[in-house]
Amino acid sequence: MRRRRVLAGLAGAAVSAAGCGAPDRGGSGRPGDPVVLTLLSHYATDPLKSALQRVVDEWNAAHDRVHVRTTAVRFQDLLTTLMVRQAAGQGADIIHPYSLWAGQLAQAGVVRPAPPEDAARIERGFARPAVRAASVRGRPVGYPTEVQSYALYYNKRLLRAAGLAGPPRTWRELEEAAYRTARRDRHGNTLVQGFGLSRTDDSTVVNQTLALLASRGGSFLQPDGTRSALDSPAGRAVFALERRLIDRGASDPGIDLLKAFPAGRVAMAVSGAWWTGSLKQTMGRDYRDVGVAPVPGPAPGNRGTVTTGFLLGVNAKSRHPREAWEFLRWLNDEVVPAGPRAAAVRATRMSVLQMSVGTMTGRTGDMRALLAAGGDPNLGPFVDALDYATPEPNGPRAQKAKALLRKNIEEMWTGRHPPDAAVRNAVRQVDQELSR
């Protein structure tokens with residue numbers, strides 16, 4: 001999605017493969033040869049590519065009967081690849097889609113519901129938002145893997161320089177802090193944004209807005225997912241806030257947030273947990289200036305945010321579903337020693353994998369144990385958010401609805417439409433799309 005510049009950046013190669021180049025879905029066919037499962041993901045470049053390949057190599061070394069072969073494409077190409085390969089009869093046995101697409105993939109016959117045993121493991125092992133994101137019509141279709149909740153990043157140094165003792169706890173404090181930390185030169189050029197707004201892709205535009213919307217008590221869609229819920233006091237307040245921050249010089253969506261924040265030119269921004277690893281690598285020693293806090297609500301202690309995620313599921317047309325689910329249980333449900341204090345810390349292989357690259361799963365117990373064993377403290381608020389976050393809706397037309405919402409947010413940012421009109425336009429267009 002999103003989401004996320006990190007996954008787009010990490011998946012920079014057009015197509016790469018770990019292991020052999022062309023997937024062999026069933027092995028050679030000779031008696032005694034192992035079944036070969038193919039796994040398609042967007043983990044095309046390091047560190048994600050190597051992290052996934054290490055656990056696959058571990059499985060292959062210990063299992064003679066079933067081997068796994070990984071293939072990867074850029075995140076931007078993943079949905080198209082899943083659909084095109086499926087139509088051509090070349091779908092991978094195991095797929096790793098963005099949870100937003102779960103309803104669309106189920107409707108297209110790409111992903112199958114999890115068997116009862118695996119569904120029970122998923123429902124009891126993961127935080128509720130992660131389970132909901134990996135489910136279609138209430139039934140899990142895969143194991144939640146990378147889970148992204150959203151929180152408020154802030155630059156401690158910039159807040160201190162503006163006389164602020166800590167991050168804002170309410171919307172009013174957020175807006176005041178944004179104005180106090182923003183700075184321009186004598187020519188009116190932006191030196192520091194008080195609050196950054198990202199225009200990178202659908203997920204960075206939409207998810208920061210949905211996180212603020214949830215913190216205000218609102219939601220994007222009605223509970224049944226058939227109509228928009230954006231035309232509400234909360235929805236209008238979010239659009240008005242973002243436009244006000246732009247008008248008063250505290251935000252400039254024309255500046256690349258993902259470059260400006262690590263350069264110390266943005267005081268606050270809402271983003272996902274994935275950004276911690278990217279910032280740590282980019283900022284070096286300056287990462288000590290970065291703090292993370294819950295997205296502020298109307299009053300101190302109010303909580304609300306959005307969560308996104310990925311899932312590992314089995315292709316509905318796989319010839320080896322039993323073996324595929326066996327591998328997924330081993331990867332996502334089997335607990336192993338982990339962390340620098342291996343004797344004391346135990347977590348699932350997927351949780352260890354995600355923590356190693358600076359992200360997290362929806363297993364809050366695993367995440368808290370790994371954080372206590374030496375993980376980045378800035379991930380703590382993201383783990384806490386899994387207790388109250390709202391998963392983004394994943395109906396059959398969710399991706400198209402999200403793209404329409406992005407279009408209207410950006411038109412409001414650029415001044416083409418005032419906030420209330422942008423809300424009305426978004427509702428009309430999204431409702432029309434969902435009714436198809």
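Reply: A polar contact is a pair of N or O atoms within 3.5 Å. Within protein, one atom must be able to donate a hydrogen and the other to accept it, and residues adjacent in sequence count only if both atoms are side-chain atoms. Here is such a contact: the side chain of Gln 193 reaches the backbone nitrogen of Asp 252 at 2.7 Å.

Two notes on the numbers. The model is predicted, so local features need pLDDT of at least 70 and side-chain atom pairs pLDDT 80 or more, while totals for chains, interfaces and linings use all residues. Residues are numbered from 1 along each chain as its sequence is written, and side-chain values use heavy atoms, with hydrogens and water left out.

Back to Gln 193. It is found in the loop between β9 (190-192) and α9 (202-215). Helices (H or I, at least four residues) and strands (E, at least two) are DSSP runs, numbered from the N terminus. Gln 193 has a relative accessible area of 1%, so it is buried. Buried means under 20% relative accessible area, exposed over 50%, and partly exposed in between (1.4 Å probe, protein chains only). Leaving out residues up to four places away in sequence, Gln 193 touches several residues, including Ala 182, Ala 250, Asp 252, Ile 255 and Arg 265. Contact here means heavy atoms within 4.5 Å.

Now the strand. It is β12, residues 306-314. Nine of its nine residues are buried, so β12 is largely enclosed by the rest of the structure. Both faces are covered. One side holds Val 306, Thr 308, Phe 310, Leu 312 and Val 314. The other holds Thr 307, Gly 309, Leu 311 and Gly 313.

What does β12 pair with? Two strands pair if DSSP finds at least two bridges between them. Strand β7 (residues 143-155) pairs with β12 in the antiparallel sense over five bridges. Within that pairing, Gln 148 stands opposite Thr 308. Strand β4 (residues 94-95) is also antiparallel to β12, over two bridges. There, Ile 94 has Val 314 as its bridge partner. Strand β15 (residues 390-391) pairs with β12 in the parallel sense over two bridges. In this case Val 306 stands opposite Thr 390.

Aromatic rings come next. Rings of Phe, Tyr and Trp (its six-membered ring) pair if their centres lie within 6.5 Å; planes under 30 degrees apart count as stacked, over 60 as edge-to-face and the rest as tilted. The whole structure has 14 aromatic pairs. In one of them, the rings of Phe 75 and Phe 310 have centres 5.9 Å apart and planes at 65°, so the pair is edge-to-face. Phe 75 lies in helix α3 (residues 75-87) and Phe 310 in β12, so the pair ties together parts that are 235 residues apart in sequence. Both residues are buried.

The partner strand β7 has a ring pair too. Tyr 143 and Trp 325 form a tilted pair, 6.4 Å centre to centre with 50° between the planes. Tyr 143 lies in β7 and Trp 325 in helix α13, so this pair ties together parts that are 182 residues apart in sequence. Tyr 143 is buried, with a relative accessible area of 0%. Trp 325, at 3%, counts as buried as well.

Finally, the wider setting. A nonpolar core is a set of buried Ala, Val, Leu, Ile, Met, Phe, Trp, Tyr and Cys residues joined through side-chain atoms within 4.5 Å. The largest one has 112 residues, and Phe 195, Met 268, Trp 275, Phe 327 and Leu 405 touch the most other members. A second, separate core of 21 residues includes Leu 82, Ile 95, Leu 100 and Val 136.
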